[in-house]
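Please look at the sequence and the structure shown here. A short report follows them.

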Amino acid sequence: MTEQPPVIFEPEQTPATAVVIILHGLGASAHDFDPLIPALSLPDDLAVRFVSPHAPMLPVTVNNGMTMPAWYDITSMALEREIDEGQLRESAQRIQRLIDEQIASGIDSRRIVLAGFSQGGAVAYEAALTYPEPLAGVLAMSTYFATAESIETDAANRDTPIEIHHGTQDPIVDETLGRRASERLTDMGYDVEYRTWPMAHTISADQVPAIRQWLLARLSS
């Protein structure tokens, strides 16, 4: 399968020294994050490159088998999702190759953040926590820990900070799943911060300042 090239935003004033890789949700596009990046108003001297890959086109069982951008198939929308874990891991490995490319270009792995929304967040958990080099952090938005019971983590990211954001009015990924992910990761020994907003399945304007502050804390060093 031919992969579309990722959407990349380079810093304007200086070559990149940090990277945020951000993964979109089911049926969406890497371009969904185009408005978010300028809204974050990150300082020029932070020198952040944003990289947003496109999910492959896959048939999705819960959407009547319709082919759409998807990181993996979902076979049941019950509260505890039933998914194709093999496909999820293939997507996670693809994202790890993207991390490898950023490191090969001269970026320190400890200045790479992995972020994801909805399905993208589930892939971000798997990709980050199994990656064999330390990362700057994981930002999981309106998502769930799909491989919580089967993931084989790598000690390199045992101390990686995890920030979880969720809407209390989310009709797609119930907030219960975000909270369960937080609890599970905490039990596994990770440094987790869990935040909620009165929003649906989206990234809200009220949420943007918190994303900005978290990225500044992770990448200002």
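The report below covers a record entry, a helix contact and an aromatic pair.

This is a predicted model, in which local features need pLDDT of at least 70 and side-chain atom pairs count only at pLDDT 80 or more, while totals for chains, interfaces and linings use all residues. Residues are numbered from 1 along each chain as its sequence is written, and side-chain values use heavy atoms, without hydrogens and water.

UniProt, in an unreviewed entry, lists residues 11–215 as "domain: Phospholipase/carboxylesterase/thioesterase"; such annotations may be inferred rather than shown by experiment. Over residues 11–215 the chain is 28% helix and 23% strand, with the end C-alpha atoms 15 Å apart. Helices (H or I, at least four residues) and strands (E, at least two) are DSSP runs, numbered from the N terminus.

Helix α2 (residues 85–104) packs against helix α3 (residues 119–129) at an angle of about 65°, and their axes are 8 Å apart. Axes are lines fitted to C-alpha atoms, for helices over the stretch in contact, and angles run from 0 to 180 degrees between N-to-C directions. Contact means heavy atoms within 4.5 Å.

| Helix | Residues in the contact |
|---|---|
| α2 | L88, R89, S91, A92, I95 and Q96 |
| α3 | A122, V123, E126 and A127 |

The structure also holds one aromatic pair (ring centres within 6.5 Å; planes under 30 degrees apart are stacked, over 60 edge-to-face, the rest tilted). The ring centres of Y125 and F145 lie 5.0 Å apart with the planes at 45°, so this pair is tilted. Y125 is in helix α3, and F145 is in the loop between β9 (137–141) and β10 (162–167), 20 residues apart. Y125 is buried at 0% relative accessibility, and F145 is buried with a relative accessible area of 9%; buried means under 20% relative accessible area (1.4 Å probe, protein chains only).

How values were computed
Rings of Phe, Tyr and Trp (its six-membered ring) pair if their centres lie within 6.5 Å; planes under 30 degrees apart count as stacked, over 60 as edge-to-face and the rest as tilted. Buried means under 20% relative accessible area, exposed over 50%, partly exposed in between (1.4 Å probe, protein chains only).
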